[in-house]
Amino acid sequence: MTFTADDRTAITELISMHGHLCDSGELDRLDEVFTPDVVYDITEVGQEPLLGVAACAAAGRALGELNPVGHHVTNIVLSEIADDQVQARSKGIGVNADGTAGSVTYEDTVLRTPQGWRISHRKIHAHRKPLGRQA
């Protein structure tokens with residue numbers, strides 16, 4: 001199947017929706033963004049990968065008041081890697097309640113499903129030093 005401009009728009013909106021759902025506390029709707037068996041790799045921030053959409057929602061609830069008040073995504077770059085599969089790379093900015101902020105890169109594998117495009121794998125790369133140097 002051909003990767004179209006409509007697919008690019010749908011995937012960009014999908015990636016953006018993650019922040020809206022998290023910031024509004026609508027964690028029960030994360031299945032609108034992720035596949036049921038998503039792997040959410042947060043090892044670079046010191047945590048084990050989250051396995052499944054329910055684990056992602058539970059982790060957000062457990063973090064409670066330590067969650068950012070704003071998840072912002074930008075610089076989305078999409079590359080088709082196979083039929084019905086896209087690699088997405090984007091930048092995430094988290095704004096905390098105290099006004100501090102952090103930056104990450106999201107690397108996503110996005111699949112076309114019967115429900116529409118969904119993220120099946122997300123790896124977070126934390127940025128702590130300039131020019132791409134690791135901490």
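Residues are classed here as buried when the relative accessible area is under 20%, as exposed when it is over 50%, and as partly exposed in between (1.4 Å probe, protein chains only). By this scale Arg-112 is partly exposed, with a relative accessible area of 26%. The structure is a predicted model, in which local features need pLDDT of at least 70 and side-chain atom pairs count only at pLDDT 80 or more, whereas totals for chains, interfaces and linings use all residues. Residues are numbered from 1 along each chain as its sequence is written, and side-chain values use heavy atoms, with hydrogens and water left out.

The protein contains two helices and six strands; helices (H or I, at least four residues) and strands (E, at least two) are DSSP runs, numbered from the N terminus. Their order from the N terminus is α-β-β-α-β-β-β-β. The C-alpha atoms fill a box of roughly 45 × 35 × 25 Å along the principal axes. A compact globule with 135 residues would have a radius of gyration near 14 Å, and the 15 Å of the protein agrees with this; the radius is taken over C-alpha atoms, and the globule rule is 2.2 Å times the number of residues to the power 0.38.

Of the 135 residues, 33% count as buried. The protein exposes about 7,800 Å², of which carbon and sulfur atoms supply 54%; accessible areas come from the Shrake-Rupley method with a 1.4 Å probe, and for residues only the protein chains shown count as cover. Contact is defined as heavy atoms within 4.5 Å. Among contacts with a separation of 6 or more, 46% are accounted for by residues 24 or more positions apart.

In soluble globular proteins, nonpolar side chains tend to be buried together. A nonpolar core is defined as a set of buried Ala, Val, Leu, Ile, Met, Phe, Trp, Tyr and Cys residues joined through side-chain atoms within 4.5 Å. The largest such core has 25 residues, of which Ile-11, Leu-30, Phe-34, Tyr-40 and Val-110 touch the most other members. At least two residues of this core come from each of helix H1 (5-23), strand S1 (34-41), helix H2 (53-63), S4, strand S5 (101-113) and strand S6 (116-127). H1 gives the most, with four residues. Beyond its neighbours within four places in sequence, Phe-34 is in contact with His-18, Tyr-40, Val-53, Arg-118, Ile-119 and Arg-122.

Thr-109 is placed in strand S5 and is buried, with a relative accessible area of 15%. Apart from neighbours within four places in sequence, the contacts of Thr-109 are Gln-85, Val-86, Gln-87, Arg-118, Ile-119, Ser-120 and His-121.

Side chains of opposite charge can pair when their charged atoms come close. With a salt bridge defined as a side-chain nitrogen of Lys or Arg within 4 Å of a carboxyl oxygen of Asp or Glu, the count comes to eight. One of them joins the side chains of Asp-7 and Arg-112 at 3.1 Å, N to O. This pair links distant parts of the chain, with Asp-7 in helix H1 and Arg-112 in strand S5, 105 residues apart. Asp-7 is buried, at 8% relative accessibility. A further salt bridge joins Glu-26 and Arg-29 at 2.7 Å, N to O. Glu-26 is partly exposed, with a relative accessible area of 32%, and Arg-29 is likewise partly exposed, at 31%. The side chains of Glu-107 and Arg-89 also form a salt bridge, at 3.9 Å, N to O. Glu-107 lies in strand S5 and Arg-89 in strand S4, so this pair ties together parts 18 residues apart in sequence. Glu-107 is partly exposed at 28% relative accessibility, and Arg-89 is partly exposed at 48%. Salt bridges that share partners join Asp-7, Asp-84 and Arg-112 into one network.

Backbone geometry was also examined. Most residues other than glycine have a negative phi. Asp-84, although not a glycine, has a positive phi of about 65 degrees. Asp-84 is found in the loop between S3 and strand S4 (85-95) and counts as partly exposed, at 28% relative accessibility. Asn-75, also a residue other than glycine, has a positive phi near 55 degrees. Asn-75 is found in strand S3 (residues 70-82) and is exposed, with a relative accessible area of 52%.
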